[in-house]
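Please keep the sequence and the structure in view while reading.

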Amino acid sequence: MSDTGKRAFDVVIVGAGFAGMYMLHRVRGLGLSARVYEAGSGVGGTWYWNRYPGARCDVESMEYSYQFSDELQQEWHWSERFATQPEILRYADHVADRFGLRDDIQFDTRVTGAEFDEKASHWRVSTTGGGGPAAPVSARFLIMATGCLSSTNMPSIPGIDSFAGEKYHTGQWPHEPVDFTGKRVGVIGTGSSAIQSIPIIAGQAKELFVFQRTPNYSVPAHNAPLDPDYEARIKAEYGAFRARNSLMPNAFGSSLPRNEASALAATDQERRQAYETRWQRGGLVLLGAFGDLLLDARANETAAEFVREKIRAIVRDPVTAELLTPRQVIGCKRLCVDTGYYETFNRPNVHLVDVKAHPIEQITPTGLRTGGRDYPLDCIVFATGFDAMTGTLTKMDIRGRGGLSLREKWHAGPRTYLGLGLAAFPNLFTISGPGSPSVLTNMLVSIEQHVNWIAACLAYMREHGHTVIEATAQAEDAWVEHVNSVADRTLYPGCNSWYLGANVPGKTRVFMPLIGYPPYVRKCEEVVAKGYEGFVLEPAVQAR
Ligand code: N01
């Protein structure tokens, strides 16, 4: 829809990805008026923007989908074990149509800021669209469904704007097909997006140069058409299957749960067998082979070495194999899932360039310079990731009580209570915000849990005559402390991951997601059972 001129809503939702769509469905169900603002021209969020070749989910299709409607989950058919981006986008479109969501979504409109009016107890939300900035709208509640990986990270390499060829970022891929046939292509980065796209680009390009700063661990997806018997079995007991997954530490993978035993208690042969079984199974389950892989460096090293041996066995040129071999803890950066990634480096048209030893010096009009050598290129693909979890939120000018800006509040790292609420920002909710398990889980499960919690909270407030809810500073402090202390008991904080904000120059290093889904859900339930413990609920905000 386009701007209808209506300027006051019960709820404004920012973003029409999976979080924003389901949130809209729930607030409508409560009889509240709502407007969703979406910067893109369609629904789907991350799956709308990330259209790079090979983009595919690393959580299995039968799990990476909504569970709120049994009719929806029964009628939808996934064609592959791991769904492609186009198929997930078709699913998002199907959901939008099936539940008539588009009527309340204003596309091509970016929220630029929001200010809490303490006297009126509502948010004034500013947007800009095709016609430029629009008059602000007001909303009692502001719900940020902005995604965790939606603000792209472009490195500031000298000369970047001078490049005369084609330039792409994996997270903002064009809608028209891009054909690399006969071209000299450079890919910068070797994270999940690069690892998925490199094998496809290599199959088209005349020559492909991969500029690698840090090698990553990747496991094969062993993707295949979805087995109809498996689909039927899951559909026959979908509710129970979902319930089992929700008890997993990352809210997925109950068909091969984590083995809680220590890797160090197993013999070499037992370990190898456990890793090999999971490697053959494919996907993220490798790290569930033992319970202490992300707790004990020596245990972790056994899994890391298993993958290093696989790389050496796959990649024929020993120098390239060595360069592709990661040395860091496995899993403390997001494990990648691929189809033919390491094999791609056996192709004669693919060249790996180490930009750790020799950082990229300059992008020139005709290519890229590193290590004193010029690489002439027709196209550069920036697979350089995202300003994760906070970037999209802090890019907006969001101001809470007393005009406090979110940027100021988070200058030393993000602070939330439960990843849902923020002190000094009344009636603002974040879906899968920093401090929630979000990116360490099956996002669809986390999204639904958050949306359900927020919807129940809005219903409770109406029932009890509350118009304002705000996290207390004490609850927020304790939560931030808790998130950090859980992370500090693991190996996660030990490497330069985007979980820590370490990929964005100048960003404060704080471990942002909470580790462990089931205890988080229990905590959220406990907070509700105790009358929204840690939140202040008021009939109206008094200026303090
Ligand atoms: O981004 P990344 P991504 N010079 O941040 C390199 C999810 N996802 O888009 O590691 C040279 O992981 C950077 O190097 P380094 C998933 O959660 C999921 O790939 O910082 N290199 C790194 O290699 C994932 O984790 C799926 O040394 C530079 C790369 O760019 C997350 O999204 C698919 C550089 C960025 O990797 C992000 O993945 C895709 C520079 N100046 C994504 N700056 C699936 O579901 C950065 N790099 C399968």
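A residue counts as buried when its relative accessible area is under 20%, as exposed when that area is over 50%, and as partly exposed in between, using a 1.4 Å probe and the protein chains only. The model is predicted, so local features need pLDDT of at least 70 and side-chain atom pairs count only at pLDDT 80 or more, while totals for chains, interfaces and linings use all residues. Residues are numbered from 1 along each chain as its sequence is written, and side-chain values use heavy atoms, with hydrogens and water left out.

**Residues with positive phi**

- Most residues other than glycine have a negative phi.
- Asn 427 has a positive phi of about 60° although it is not a glycine.
- Asn 427 is placed in strand 20, residues 425–430; helices (H or I, at least four residues) and strands (E, at least two) are DSSP runs, numbered from the N terminus.
- Ala 251 likewise has a positive phi, near 65°, and is a residue other than glycine.
- Ala 251 belongs to the loop between helix 7 (238–246) and helix 8, and with a relative accessible area of 0% it is buried.

**Aromatic rings**

- Rings of Phe, Tyr and Trp (its six-membered ring) pair if their centres lie within 6.5 Å; planes under 30 degrees apart count as stacked, over 60 as edge-to-face and the rest as tilted.
- This rule gives a count of 36 aromatic pairs.
- Tyr 22 lies in helix 1 (residues 18–29), whereas Tyr 66 lies in the loop between helix 2 (46–49) and helix 3 (70–75), so the pair ties together parts that are 44 residues apart in sequence.
- Both Tyr 22 and Tyr 66 are buried.
- One aromatic cluster includes Tyr 22 and Tyr 66, and among its other members are Phe 18, Trp 47, Tyr 91 and Phe 99.
- The charged end of Arg 51 sits over the ring of Tyr 48, 4.8 Å from its centre; the term requires NZ of Lys or CZ of Arg within 6 Å of the ring centre and within 35 degrees of the ring normal.

**The ligand and its surroundings**

- A residue is near a molecule or strand if one of its heavy atoms lies within 4 Å of it.
- There are 22 residues around the ligand, of which Ser 193, Arg 213, Thr 214, Lys 333 and Trp 498 come nearest.
- The shell divides into eight nonpolar, nine polar and five charged residues; Ala, Val, Leu, Ile, Met, Phe, Trp, Tyr, Cys and Pro count as nonpolar, Asp, Glu, Lys and Arg as charged, and the others, Gly among them, as polar.
- Helix 5 (residues 192–204) supplies the largest share of the shell, three residues.
- A polar contact is a pair of N or O atoms within 3.5 Å; within protein, one must be able to donate a hydrogen and the other to accept it, and residues adjacent in sequence count only if both atoms are side-chain atoms.
- A polar side-chain atom of Thr 214 lies 2.5 Å from an oxygen atom of the ligand.
- A backbone N or O atom of Asp 58 lies 3.2 Å from an oxygen atom of the ligand.
- A polar backbone atom of Ala 383 is 3.2 Å from a ligand oxygen atom.
- Taken alone, the ligand exposes 910 Å², and the protein buries 88% of that; the areas come from the Shrake-Rupley method with a 1.4 Å probe, and for residues only the protein chains shown count as cover.

**Other individual residues**

- Ser 405 is in the loop between strand 18 (397–399) and helix 13 (406–409), and its relative accessible area of 7% makes it buried.
- A polar atom of the Ser 405 side chain lies 3.0 Å from the backbone nitrogen of Glu 408.
- Cys 379 is in strand 17, residues 379–382, and counts as buried at 0% relative accessibility.
- Tyr 52 is found in the loop between helix 2 and helix 3, and is buried, with a relative accessible area of 8%.
- Gln 280 lies in helix 8, residues 268–281, and is partly exposed, with a relative accessible area of 44%.
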